[in-house]
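Please open the model in your viewer and keep the selection panel at hand. We will go from one selection to the next, and at each stop you can read what is there.

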Amino acid sequence: MEIVDVNTIFGFWPRKKIDISLKKLLEIMKKYKIRSCFSLSTKGIFYEYEEGNKETLEVCKHHPEIIPVATIDFRRYFGKKNIIKDLINEGFKALRLFPDLQAWPFNYQPFLKIVEEMGGNFPLMVSISGLGKTTEIGKITNNYKIPLILMGINYGYFAEALAVMKKYRNVYIETSLFDTPDIYEIFVREVGPERIIFGSYSPFHYFSSSFLSLERAEISSKEKQLILGENIKRFLK
Amino acid sequence: MKIIDLHTHYGKWFFPIEKDSINDFLDIMKRNEIEISVVSSSMAIIYDFKEGNKELADVLMYHPELFGYLFLNPNYLKQSFKEMDKYLQNEKFIGLGELYDEGYIGSKTLNGEGYKQILKRLLEKFSQRLVLFHCGGKRGIFRLLEVAKEFPEINFIAGHMGNPEWETAARTFKRVKNVYLEICSSFPCRDKIETVVKEIGAQRIVFGSDSTLINPAFIIGMVVESDISKEEKEKIFYSNAKNLLSERTNK
């Protein structure tokens, strides 16, 4: 089965001693036969997003199996115009935001300004932390018809994610923290397999945690195939 | 590779989990090739400990692959003593757990007077010498350290191994031989297993999943992928737990 991993990073992790180097990411891709992955440099998360984005593009130039994801740190954002259009022209395939690590809220003008520029087939990937956040971001992105991929949702947030996905068709979910015993079965039944997208958060997380959970889920092979690689392809057209 | 799961729960959670019957529990074990599970009641932990312990006792007797931890609530000390008298003569209850520190039991802590009285009574009246403790963060680690030193006859399992402070847990308990680290967590951070194996040794690490809250496959993946030897994986998945359970049987 072809694997596309929508949630990977590379670079340096300052908050704990964990090897998230590009070398490690490539090793994991080879070992687990991951055909391609969406990725970005952590320099853009922790240090400065424009430098981080440049680094991401540079790496992707040499490794076509890595699909470039841009990021913006809204604590530093200056209000530059047409930023989304520029990112798309540079070759980025998605925008990923880290309000969980950067501690900015969704009700925050620098973020809302960018939302107005988004739309079409350029997905927004957002890490969620805190009850109510999924509801907020679902509502905001639905107003602008932005494809939203919820990242890093675990058992504490599944109920909210299910309700938001049922209300808003533009919302998808990534699986790196699909950690309860029957969560694939529940999401497949409640929102359909087409809106579930495989991610591992490698190399920061062990790839096998999310992969084994999906492999052993009691859903059909066809549904696993959609989740593992087919669903994300619609955003690459 | 054979697996013994030393950290599981039977019952419902306030999260969208449907597989909460005993048949579901056994099916999850089978799907993940788990030979034995040691279970505590989720109802006992998050609501009424007496009702939860009874519900667990009722299912344990029918399933040879299951053993139980008795949960006690230090807010109800006299009733906790009665629960000990009621259940700890039963061979299926092999210890106490998953004992909490704050959270579900309010402000009570593992190193508080309530739990210490419970542990003293365990030593005086019963043969069980195993305690699973929900060990989260530095506060959990240092409270367990105090109690483990005060009760060296008891083997303590540090559930979640102090997550997210697993390095601190491994360093802290390196010379405290009656503490074992149990690995489960919702955050399968890379290098976690390698780090604790290097610091404390694989012989002091045991497998737990937190099932039915957490999918055992999610935790199995951490060990399978870790860069440690096959022998070390076998110790974590199986033989360390087997030894702990045998100690209980031999007493």
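Begin by selecting chain B: of its 251 residues, 52% count as buried, where a residue is buried if 20 or more other C-beta atoms, placed from the backbone, lie within 10 Å of its own, exposed if 12 or fewer do, and partly exposed in between. Before going further, note that this is a predicted model, in which local features need pLDDT of at least 70 and side-chain atom pairs count only at pLDDT 80 or more, while totals for chains, interfaces and linings use all residues. Residues are numbered from 1 along each chain as its sequence is written, and chains are lettered from A, and ligands numbered from 1, in the order in which they are written.

**Chain B as a whole**

Among contacts in chain B with a separation of 6 or more, 76% are between residues 24 or more positions apart, a contact being two residues whose C-beta atoms, placed from the backbone, lie within 7 Å.

**The sheet of chain B**

Switch to a cartoon view, in which chain B has ten helices and eight strands; helices (H or I, at least four residues) and strands (E, at least two) are DSSP runs, numbered from the N terminus. An open sheet of eight strands has the order β1-β2-β3-β4-β5-β6-β7-β8 in chain B, with parallel pairing, and two strands pair if DSSP finds at least two bridges between them. Its edge strands are β1 (3-10) and β8 (205-206) of chain B, each of which pairs on one side only. Now select residues 66-70 and 93-99 of chain B, which are the parallel strands β3 and β4, joined by three bridges; Gly68(B) has Phe93(B) as its bridge partner in β4(B).

**Where the chains touch**

Show both chains together, and look at the contact, which takes 25 residues from chain B and 27 residues from chain A. On the side of chain B that touches chain A, the elements giving two or more residues are α1 (22-31) and α9 (216-225) of chain B, and α9(B) gives the most, with seven residues.

**A helix and a strand of chain A**

Move to chain A and select residues 49-62, which form helix α3, with 14 residues. Which residues of α3(A) are buried? They are Tyr49(A), Gly52(A), Asn53(A) and Thr56(A), and they cover an arc of only 100° around the axis, which puts them on the same side of α3(A); the arc is that of the directions from the helix axis to the C-beta atoms. On the other side of α3(A), you will find Glu51(A), Glu58(A), Lys61(A) and His62(A) exposed. What covers the buried residues of α3(A) includes β2 (34-41), α2 (43-46) and β3 (66-71) of chain A.

Finish by selecting β3(A), where six of its six residues are buried. Ile66(A), Pro68(A) and Ala70(A) point one way from this strand, and Ile67(A), Val69(A) and Thr71(A) point the other way. β3(A) pairs with β2(A) in the parallel sense over three bridges, and Phe38(A) stands opposite Ile67(A). With β4 (residues 94-97) of chain A, β3(A) again pairs in the parallel sense over three bridges, and there Ala70(A) has Leu95(A) as its bridge partner.

How values were computed. The expected span of a helix is 1.5 Å times one less than its number of residues.
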